[in-house]
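Open the model in your viewer and keep the selection tool at hand. We will go stop by stop.

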Amino acid sequence: MDRINVSTVSEFIFVGLSDAPQVRFLLFVLFLFIYLTTLAGNMTILVAISQDTRLHNPMYFFLCNLSLLDILCPTITVPKMLEALLFEKKGISFTGCMVQLFFLIDVVGTEIFLLAVMAYDRYVAICYPLQYVNIVTMKLCAHLVIGTWIAGFFNSLLHTSFIFTLFFCDSNKVDQYYCDIPPVLALSCSPTYTSELVILTVAGVLGSGAFLVTLISYVYILLTILCTNSAESRHKAFSTCGSHLTVVCLFYGTTICTYVRTSSSYSPNQDRIVSMLYGIFTPLLNPMIYSLRNKEVKSTLRRMARQVRTAL
């Protein structure tokens with residue numbers, strides 16, 4: 001079979017969407033509702049934190065960045081998917097596919113590092129409460145957040161450059177709703193061993209490092225909470241950390257299932273389900289998890305609702 005350079009491929013075709021008009025319309029309505037709800041939920045969190053000076057502290061600064069990432073993640077993929085469902089335009093240009101994959105991996109990588117930073121923040125807050133203000137300064141928070149965005153950028157640049165220098169044969173049909181590493185790698189007729197090795201190594205080192213920071217932080221947090229005599233303090237600590245831990249479990253579980261594997265074990269049907277979990281449903285659930293479990297956020301949202309009702 002002849003090989004052609006990827007630069008000669010003009011477009012990729014998404015084949016993971018239904019061809020039945022009624023099913024396409026129902027999916028369009030469902031995903032549009034989820035997307036708009038996700039935007040509304042995360043933007044509400046951003047507005048609530050920016051408007052309430054009591055929430056201007058490191059924990060909510062990190063939460064703002066998480067909400068921003070949860071806005072960007074579905075925005076990278078869902079609009080193109082909605083266009084395909086409504087107008088049956090399933091093609092995406094080579095450049096569009098490369099840009100979509102780059103920003104998706106960038107956002108996913110940044111969120112992995114940010115969750116580790118948030119775990120460290122909770123570790124200092126619970127294990128060293130008296131020194132917290134001196135240790136976790138806003139200057140340190142800014143440096144940590146900038147570091148997560150830079151790390152996510154270079155991580156994505158490395159993966160994208162390795163994938164889009166491969167050779168592709170006749171098939172340009174991406175068995176997914178959008179361009180992602182597993183379905184694009186599955187199209188290549190070049191040996192993908194080097195690319196997969198780099199992806200697994202980088203993901204293993206960076207992902208494992210971030211996961212270890214998160215895990216160790218929560219081990220110390222748990223030990224500190226269990227040694228606390230006050231039931232009220234234990235409840236407050238569990239309530240504060242429970243939200244973050246729930247998000248961590250959702251995010252790590254889905255991303256590991258998607259990226260930490262070889263192309264030979266790629267399963268289109270399984271991948272579509274898992275990718276929807278971390279790409280669409282997790283950004284939807286995050287603001288609900290934080291708003292429902294956090295008294296300060298709930299109080300701010302109730303006050304904002306009263307102000308809106310009064311204005312109307």
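In which helix is the place of T77? Select T77: its place is in helix α2. Helices here are DSSP runs of H or I with at least four residues, strands are runs of E with at least two, and both are numbered from the N terminus.

Before moving on, note two ground rules. This is a predicted model, where local features need pLDDT of at least 70 and side-chain atom pairs count only at pLDDT 80 or more, while totals for chains, interfaces and linings use all residues. Residues are numbered from 1 along each chain as its sequence is written, and side-chain values use heavy atoms, with hydrogens and water left out.

**Stop 1: T77**

Is T77 buried or exposed? T77 counts as buried, because its relative accessibility is 4%. Buried means under 20% relative accessible area, exposed means over 50%, and partly exposed lies in between (1.4 Å probe, protein chains only). Now show what touches T77. Leaving aside neighbours within four places in sequence, T77 is in contact with Q100, L104 and Y178. Contact means heavy atoms within 4.5 Å.

**Stop 2: the whole chain**

Zoom out. The protein chain has 10 helices and 5 strands. Of its 312 residues, 47% count as buried. Take the contacts with a separation of 6 or more: residues 24 or more positions apart account for 81% of them. The accessible surface comes to about 15,300 Å², and 68% of it belongs to carbon and sulfur atoms. Such areas come from the Shrake-Rupley method with a 1.4 Å probe; for residues, only the protein chains shown count as cover.

**Stop 3: helix α1**

Select residues 21-51, which form helix α1. Its 31 residues should span 45 Å at 1.5 Å a residue, and the end C-alpha atoms are 44 Å apart, so the two values agree. The expected span is 1.5 Å times one less than the number of residues. Colour the buried residues of α1, among them F28, F31, Y35 and I49.

**Stop 4**

Two packed helices are described by the angle between their axes and the distance between the axes. Axes are lines fitted to C-alpha atoms, for helices over the stretch in contact, and angles run from 0 to 180 degrees between N-to-C directions.

Angles under 35 degrees count as roughly parallel, over 145 as roughly antiparallel, 65 to 115 as roughly perpendicular, and the rest as oblique. α1 passes α2 in a left-handed crossing. Left-handed means the near helix is turned anticlockwise from the far one by less than a right angle; clockwise is right-handed.

Next, select helix α10, residues 295-311. How do the axes of α1 and α10 cross? They come within 10 Å and cross at roughly 90°, so α1 and α10 are roughly perpendicular to each other. Show the side chains: T44, I45, V47 and A48 in α1 meet V297, T300, L301 and M304 in α10.

**Stop 5: α5 and α7**

Select residues 138-163 for α5 and residues 193-226 for α7. Their axes come within 9 Å and cross at roughly 170°. The pair is therefore roughly antiparallel, and the crossing is left-handed. Residues of α5 including H159 and F162 meet residues of α7 including V198 and V202.

**Last stop: L185**

Select L185 in helix α6, residues 181-187. L185 counts as buried, at 6% relative accessibility. Then pick F164: L185 and F164 are 21 residues apart in sequence and 9.2 Å apart in space, C-alpha to C-alpha.
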